[in-house]
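User: Could you walk me through this model, starting with the ligand site and then the strands?

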Amino acid sequence: MSKEAEIILDGKSYKFPVIEGSEGEMAIDIAKLRDLTGYVTLDTGYKNTGATKSAITFLDGEKGILRYRGYPIEQLASKASFLEVSYLLIYGELPTTSQLEIFKDRIMKHTNLHEDIKKIFDGFPSSAHPMGVLSSAVSSLTAYYPGSIDQNANDEEVDLTIVRLMAKLPTIAAWSYRNSKGQPLMYPKPKLGYCENFLYMMFGHPNEDFTLDPVVVEALNTLFILHADHEQNCSTSTVRIVGSAHASLYSSIAAGINALWGPLHGGANQEVIEMLEEIQASGISTKDYIAKVKTKEVRLMGFGHRVYKNFDPRANIIKKACDDILNKLGVNDPALAIAKELEQAALSDPYFVERKLYPNVDFYSGIIYKALGLRSDLFTVMFAIGRLPGWIAQWKELRDAKEPIGRPRQIYTGYTERDYVSIEKRK
Ligand code: MLT
């Protein structure tokens, strides 16, 4: 492998160091490109541009590999708890029993919200999309915890902000949901586990005992782990670039939530279930639907990925979990059968194979969320709760590395200099 790259510009040769990652990824370090040559690189959508060096998540899209801090996603999804994986992502190592206990206790102790935050929920129409409410409420935490905006806060203070956010996001999600339905808000039960407490706040009732179904708890734990981090995706890049201005963690995460809401990003899981329900309602065959996809009349949501040119390993795990969970819950959802037919039809069709289009994490996750009794506009909120420890780890990594503010260059293609024309002279 070459240790340096040569660029010849205007007949002059320039050498740039080549950087190699711990998994053999190669990059040309162009930090001095503009100073030396006056040129910048242009890579719309950053398809070929590394924004940072990171030690959190490794992803090989060609081989369908995903590892958090070196641990394969398959092992973590089947063996670990979500808080264990959260600790791994944020602090870099799997916790010992006592470290996990302390982490869980600290988080569960902070699950309550300031009573005034209810006024924010009341300010939204009940039809508001929960992702908009979620980002607004997270941003409002800067007001209840003003110390969180101090860019010189010490590590202990930053760690308390991290723990508070891990603790409060599920409560915010559950309270905004119940508020939108006019249901009484359920206060957190710190003695419960992270997933259990969230389900209790979502579906519990003040005058009834609440029974937690271990199948549902396990399903949520798995889905949260699978969504926990995915290196430099759009919402994580957003969190990092906002964080690079030394904005608070709450503001950076609120920005990440808004990015994730986009239908090309986390919002895709809601789009998938709505697509499957439309197919079911229209009665169109999956064969005919696939034909319409190829003529670009309709989109096949949940298929294809910027980085995976192979199976998204998360989709494989979720697909297996789908059958298991729906059987255990005794749910017979025609959407699952349609999803499997679509997948089979696509995977045996050269049109998709040639374009390396495979089901991604959003294709099957919606079917499980639906079986857990969640409205489709809440699916992306689930994604956000799962993604939170990854966003936090990325924000912390950037902050600890003292990375400079993110400020890309551009190539201006607009009008060259021209003089102001007074209004009466304009045609
Ligand atoms: C994600 O997990 O964030 C999505 O798969 C999108 C991505 O990685 O670009």
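Analyst: What follows covers the ligand site and then some strands. This is a predicted model, in which local features need pLDDT of at least 70 and side-chain atom pairs count only at pLDDT 80 or more, while totals for chains, interfaces and linings use all residues. Residues are numbered from 1 along each chain as its sequence is written, and side-chain values use heavy atoms, with hydrogens and water left out.

User: Which residues surround the ligand?

Analyst: The ligand is surrounded by His230, Asn233, His265, His305, Arg314, Phe383 and Arg387, where a residue counts as near if one of its heavy atoms lies within 4 Å of the molecule.

User: What lies 2.7 Å from an oxygen atom of the ligand?

Analyst: A polar side-chain atom of histidine 305 does, and an N or O atom in the side chain of arginine 314 is likewise 2.7 Å from a ligand oxygen atom. For arginine 387, a polar side-chain atom lies 2.8 Å from an oxygen atom of the ligand. The ligand taken alone exposes 260 Å², of which the protein buries 85%, with areas from the Shrake-Rupley method and a 1.4 Å probe.

User: And cysteine 234, where is its place?

Analyst: Cysteine 234 is in helix α10, residues 234-243, helices being DSSP runs (H or I) of at least four residues and strands runs (E) of at least two. Cysteine 234 is partly exposed, with a relative accessible area of 46%; buried means under 20%, exposed over 50%, and partly exposed in between. Its C-alpha atom is separated by 7.4 Å from that of histidine 265, 31 residues apart along the chain.

User: Switching to strands, how many bridges pair β4 and β5?

Analyst: There are four bridges between β4 and β5 (residues 65-68), in the antiparallel sense, where pairing requires at least two DSSP bridges. Threonine 57 stands opposite tyrosine 68 in β5, and in this hairpin, with four residues between the strands, glycine 64 takes a positive phi near 70°.

User: Which way do the β4 side chains point, and are they buried or exposed?

Analyst: From β4 (residues 57-60), Thr57 and Leu59 point one way and Phe58 and Asp60 the other, and all are buried.

User: What is the order of the open sheet?

Analyst: The order is β1-β2-β3, with antiparallel pairing. β1 (4-9) and β3 (26-28) each have a single partner strand, so one side of each is left without a neighbour in the sheet.

Note on methods:
Polar contact = N/O pair within 3.5 Å; in protein donor to acceptor, adjacent residues only side chain to side chain. Buried < 20%, exposed > 50% of the residue type's maximum accessible area, 1.4 Å probe, protein only.
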